[in-house]
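Me: Hi! I have a protein model open and I'd like to talk it through with you. Can we go step by step?

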Amino acid sequence: MNPTMLSRSTLSVAGTALRPRRNPLLSSRFAALQKAFISSETRKAIDKAVGTAPVVLFMKGTPETPQCGFSIASIQILGLQGVNPQKFTAFNVLEDEELRQGIKEYSDWPTIPQLYVDNEFVGGTDILMSMHQDGSLAKLLEEKDVLVEAEGSETSTPSP
């Protein structure tokens with residue numbers, strides 16, 4: 001059939017029939033599932049990062065130069081708690097997009113910063129703030145022995 005001889009109604013029917021169907025793999029439902037799968041390499045790297053110190057913070061920026069208000073607040077809370085810098089490390093998620101997205105899936109927590117203590121996910125800034133206010137963060141950090149020792153405290157048994 002010559003395309004120039006098609007009627008307007010035939011074109012609309014033909015146009016509908018020839019229009020590509022929507023790819024189900026591009027649907028928003030599949031996109032949400034696809035985001036939920038981080039690569040095994042990223043998962044292994046995050047496992048390793050979480051284990052690098054007793055206290056690990058994934059944040060935007062560095063402790064010296066935080067790049068968002070929530071990262072600033074998290075660093076301030078950890079400082080107020082007296083976390084020992086030798087038992088603390090931070091990872092700047094702004095340096096690696098795969099880490100930035102992967103850490104959200106790894107913890108099943110949608111926001112950054114994220115705090116891990118002794119390889120366990122604690123939460124984001126809102127959780128840290130709440131725990132700081134009710135005293136449970138101080139208790140956790142003390143139990144995990146990650147605080148700077150108070151001056152004058154003894155760690156060894158006094159000799160006779």
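Reply: Happy to! Let's start with a term: a salt bridge is a side-chain nitrogen of Lys or Arg within 4 Å of a carboxyl oxygen of Asp or Glu. Keep in mind as well that this is a predicted model.

Me: Good, so how many salt bridges does the structure hold?

Reply: There are two salt bridges here. In one of them, the side chains of K87 and D145 meet, with 3.7 Å from N to O. That pair links distant parts of the chain, 58 residues apart: K87 is in the loop between α4 and β2, and D145 is in the segment after α7.

Me: And which residue forms a salt bridge with D118?

Reply: That would be K144, and the closest N and O atoms of the two are 3.3 Å apart. Again distant parts of the chain are linked, with D118 in the loop between β3 and β4 and K144 in the segment after α7, 26 residues apart.

Me: What counts as "partly exposed" here, and why does D118 fall into it?

Reply: The label covers anything between buried, which is under 20% relative accessible area, and exposed, which is over 50%. D118 has 39% relative accessibility, so it counts as partly exposed. K144 gets the same label because its value is 34%, and K87 gets it with 24%.

Me: OK, let me zoom out. How many helices and strands are in the protein chain?

Reply: Seven helices and four strands. Starting at the N terminus, the order of elements is α-α-α-β-α-β-α-β-β-α-α. The protein chain has 160 residues, and 28% of them are buried.

Me: What does the largest nonpolar core look like?

Reply: It has 16 residues, and L115, V122, L137 and L141 have the most contacts inside it. Five elements each supply at least two residues of this core: β1, α4, β3, α6 and α7. There is also a second, separate core of 11 residues, which includes V56, L99, I112 and Y116.

Me: What is L141 in contact with, if I skip its close neighbours in sequence?

Reply: Leaving out anything within four places in sequence, L141 is in contact with V55, Q81, V83, V117, V146 and L147.

Me: New topic: aromatics. How many aromatic pairs does the structure hold?

Reply: Five aromatic pairs. One of them is F58 with Y116, which is edge-to-face, with 5.7 Å centre to centre and 80° between the planes. F58 lies in strand β1 and Y116 in strand β3, so this pair ties together parts that are 58 residues apart in sequence.

Me: Are those two buried or exposed?

Reply: F58 is buried, with a relative accessible area of 0%, and Y116 is buried too, at 3%. Y116 also pairs with F121: the ring centres are 5.3 Å apart and the planes are at 55°, so that pair is tilted. F121 itself is partly exposed, with a relative accessible area of 28%.

Me: Which residues form the aromatic cluster?

Reply: F58, F91, Y106, W109, Y116 and F121 form one cluster.

Me: Can we look at a helix now? Which residues are buried in α6?

Reply: T125, L128 and M131 are the buried ones in α6. They cover an arc of only 130° around the axis, which puts them on the same side of the helix.

Me: Why would residues a few places apart point the same way?

Reply: An α-helix has 3.6 residues a turn, so residues three or four places apart point the same way. On the other side of α6, D126, Q133 and D134 are exposed. The buried residues of α6 pack against α4, β3, β4 and α7. Just after α6 comes G135, with a positive phi of about 90°.

Me: Nice. Where is S74, and what does S74 touch?

Reply: S74 is in helix α4. It counts as buried because its relative accessibility is 0%. Setting aside residues up to four places away in sequence, S74 touches L57, P113, T125 and L128.

Me: Last one: where is G102?

Reply: G102 is in helix α5, which spans residues 97-107. At 2% relative accessibility, G102 counts as buried. Not counting residues up to four places away in sequence, G102 touches I38, T42 and I46.

Terms used. Residues are numbered from 1 along each chain as its sequence is written. This is a predicted model: local features need pLDDT of at least 70, side-chain atom pairs count only at pLDDT 80 or more; totals for chains, interfaces and linings use all residues. Side-chain values use heavy atoms; hydrogens and water are left out. A nonpolar core is a set of buried Ala, Val, Leu, Ile, Met, Phe, Trp, Tyr and Cys residues joined through side-chain atoms within 4.5 Å. Buried means under 20% relative accessible area, exposed over 50%, partly exposed in between (1.4 Å probe, protein chains only). Contact means heavy atoms within 4.5 Å. Rings of Phe, Tyr and Trp (its six-membered ring) pair if their centres lie within 6.5 Å; planes under 30 degrees apart count as stacked, over 60 as edge-to-face and the rest as tilted. The arc is that of the directions from the helix axis to the C-beta atoms.
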